[in-house]
Amino acid sequence: YFGIRFLPPTFFAVLLAVIVALRLTVIKPEERRMVLPVMLLLLVYAIGAAIVGRTQALLYYPVLVNALLFTIFTVSLWRGDPLVLRVVRSRGIPMSEHGVHYISRLTAVWAFFFAMNGLISFWTTTTTHRAWTLNNGLISYLLIGTLILCEWRYRKYYKRNHRVSNH
């Protein structure tokens, strides 16, 4: 919010493009298939926002990120293993059939979260810069942390009460 009032929008758009471009340089080979298209889309968005040079163009970045995350999580439910399950398996954690079902539901919860968060982010583009900043710079992150904490607590409770060893 502070920066938007004193620095030109092009500065932030170029900064965003540089950050995305730097992220492109460290993509692991196993991430390329999924991460590369997302990063390229974000890079094109940042370059477009720099060319447009208007603050309003930057406000849609959280909307785009949430839409991409919603799409990735949702598509992973239909094709192959759900995204969260891929992450768990990539860490070498064994997974029971019950755990696979739990992780699929968790992936759907995250997809729903990103859909709702994206809609709220979209709505904030029509409000004040202060409201946009409060939501996209604080509230969204608090909600993400809350969801992570609630899922972790629920998982511990569920495993203890159902004598489940892995998931």
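A residue counts as buried under 20% relative accessible area, as exposed over 50%, and as partly exposed in between. Keep that handy for the exercises below, and remember that this is a predicted model.

**Exercise 1.** Work out whether phenylalanine 11 is buried, partly exposed or exposed, and where it sits.

*Solution.* Start with the number: phenylalanine 11 has a relative accessible area of 42%, so it is partly exposed. Next, find its element, which is helix H2. Then check its surroundings: Phe11 belongs to a nonpolar surface patch along with Phe6, Leu7, Leu15 and Ile19. Together these residues have about 480 Å² of accessible area. H2 gives the largest share of that patch, three residues.

**Exercise 2.** Pick apart the largest nonpolar core: which residues touch the most other members, and which elements contribute?

*Solution.* Among its 29 residues, the ones to look for are Met39, Leu42, Phe73, Ile103 and Trp110. Two or more residues each come from helices H2 (9–24), H3 (32–52), H5 (61–78), H6 (83–90) and H7. H7 supplies the largest share, eight residues. Now zoom in on tryptophan 110: leaving out residues up to four places away in sequence, it touches Phe73, Ile144, Leu147 and Ile148. Finally, there's a separate second core of five residues, including Ala49, Ala50, Ala57 and Leu58.

Note on methods:
Residues are numbered from 1 along each chain as its sequence is written. This is a predicted model: local features need pLDDT of at least 70, side-chain atom pairs count only at pLDDT 80 or more; totals for chains, interfaces and linings use all residues. Side-chain values use heavy atoms; hydrogens and water are left out. A nonpolar core is a set of buried Ala, Val, Leu, Ile, Met, Phe, Trp, Tyr and Cys residues joined through side-chain atoms within 4.5 Å. Buried means under 20% relative accessible area, exposed over 50%, partly exposed in between (1.4 Å probe, protein chains only). Helices (H or I, at least four residues) and strands (E, at least two) are DSSP runs, numbered from the N terminus. Contact means heavy atoms within 4.5 Å. Patches are made of residues with over 30% relative accessible area and no salt bridge: like charges are joined within 9 Å, nonpolar side chains (Val, Leu, Ile, Met, Phe, Trp, Tyr) within 5 Å. Accessible areas come from the Shrake-Rupley method with a 1.4 Å probe; for residues, only the protein chains shown count as cover. A salt bridge is a side-chain nitrogen of Lys or Arg within 4 Å of a carboxyl oxygen of Asp or Glu.
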